[in-house]
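Hi,

Here is the model I promised to pass on.

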Amino acid sequence: MKLALTDLVQLASLPVDTLIDARSPAEYAEDHLPGAINLPSLSDAERAEVGRVYVQVDRFRARRIGAALVARNVAAHLEGPLAEKDGGWRPLVYCWRGGQRSGSFASILDQIGWRVSVLEGGYRAYRRLVADMLYTAKLPLALVLLDGNTGTAKTRLLDLLEEAGVQTIDLEGLANHRGSALGGRTGGQPSQKLFEGRLARRIAALDPSRPVVIEAESHKVGTRIVPPSLWTAMKAAPVVRITAPVAARAAYLAKAYGDMTDQPDLLKANLDMLRPLRGDQVVDRWQEMVDAEDFYSLAGQLIVQHYDPGYDRARARHTMGAPATLALPALDEASLKAAVPELVTAVERVAGATLP
């Protein structure tokens, strides 16, 4: 049975038990449907060899070789990860475009007696929906930017707004990066396509009639690019800006970047990348603070000498409406939670809508 994907919202309620990505491991690693497991019909090397034979030697021979390889690989899956599936199991199989790889895989599963579906159009059908949303269509979202210099706890405030029932988009979470020079996170960043897929599914799950709060970022989060439809909407969105004293920001930053301070060699290597911008003398002084484990002073110096000047330059390049400002004297957890009602009021004011 073929299953057509016409809307990203469908992904949350597909009438199947398991999504099987039959593409090669490299294709799967770059991007895949949410929740899919990778059971390759061809390995990366096998796919390359079949493609070479198809183009350079003979198409019939390539298909014969490919069929033999797929049969062996599917047999290994049946004896391995699929060995315990009962007769009522409902798999959905897809490949690049819903062609031979998924068709061959599904045919074997069907002969066994499982109620198998094949995704019509394959991965390309899913990717087309993502690309249309993020590159072509105008996003029907009422965005509000949560702005503020580094260390003003914007990401934590975004989490607290979500807990309070406010719709949010966490770009840094989706991109697995804190969006700053020292913002790398464990596991690294997803591919651009995987990031876009996560983002598109988040947008599809939102109610367009209600405001959506998103952290003010540049057009990139780490090395991941904010797609044009969202970037255009962000540039036109009203702004709520968080301010806080440098001392409070330094204390918050030193704690929030604990994963970096726990790895001083990695922290020093990241600081080295700032030498072209800040000079050897300044970076040498920062690295001495790392050696002394004086992370509070380091955070304060980074704020004053690196982060704040960067924000000032970025704001000078982009036209923004006058923001609503929320000044927070402290950034400890209790103070942040206490600030949520006032933040909600500020968002309502700039959005012209009442939040739950």
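This is a predicted model: local features need pLDDT of at least 70, side-chain atom pairs count only at pLDDT 80 or more; totals for chains, interfaces and linings use all residues.

Residues are numbered from 1 along each chain as its sequence is written, and side-chain values use heavy atoms, with hydrogens and water left out.

**The sheet**

Five strands make an open sheet, ordered β7-β8-β6-β11-β12, with parallel pairing. Strands here are DSSP runs of E with at least two residues, helices are runs of H or I with at least four, and both are numbered from the N terminus; two strands pair if DSSP finds at least two bridges between them. β7 (167-169) and β12 (324-327) are the edge strands with a single partner each, so one side of each has no neighbour in the sheet. On average, neighbouring strands are turned by 25° against each other, direction ignored.

At one end, β7 pairs with β8 (residues 211-215) over three bridges, and I169 sits opposite I214 in β8. Strand β11 (residues 239-243) pairs with β6 over four bridges, with G148 opposite I242 in β11. β11 also pairs with β12 over four bridges, and there V240 faces A324 in β12. Four of the five residues of β11 are buried (under 20% relative accessible area, using a 1.4 Å probe and protein chains only).

**V304**

This residue lies in helix α15 (residues 295-317). V304 and V246 are 58 residues apart in sequence, yet their C-alpha atoms are 7.9 Å apart in space. Neighbours within four places in sequence aside, V304 is in contact with V246 and P309 (contact means heavy atoms within 4.5 Å).

**The helix pair**

The axes of α2 (residues 44-56) and α3 (residues 59-79) come within 7 Å and cross at roughly 160°. Axes are lines fitted to C-alpha atoms, for helices over the stretch in contact, and angles run from 0 to 180 degrees between N-to-C directions. The two helices are therefore roughly antiparallel (angles over 145 degrees). On the α2 side the contact is made by E46, V50, V53 and Y54, and on the α3 side by R59, R61, A62, R63, I65, G66, L69 and N73.

Cheers

Key
Angles under 35 degrees count as roughly parallel, over 145 as roughly antiparallel, 65 to 115 as roughly perpendicular and the rest as oblique. Buried means under 20% relative accessible area, exposed over 50%, partly exposed in between (1.4 Å probe, protein chains only).
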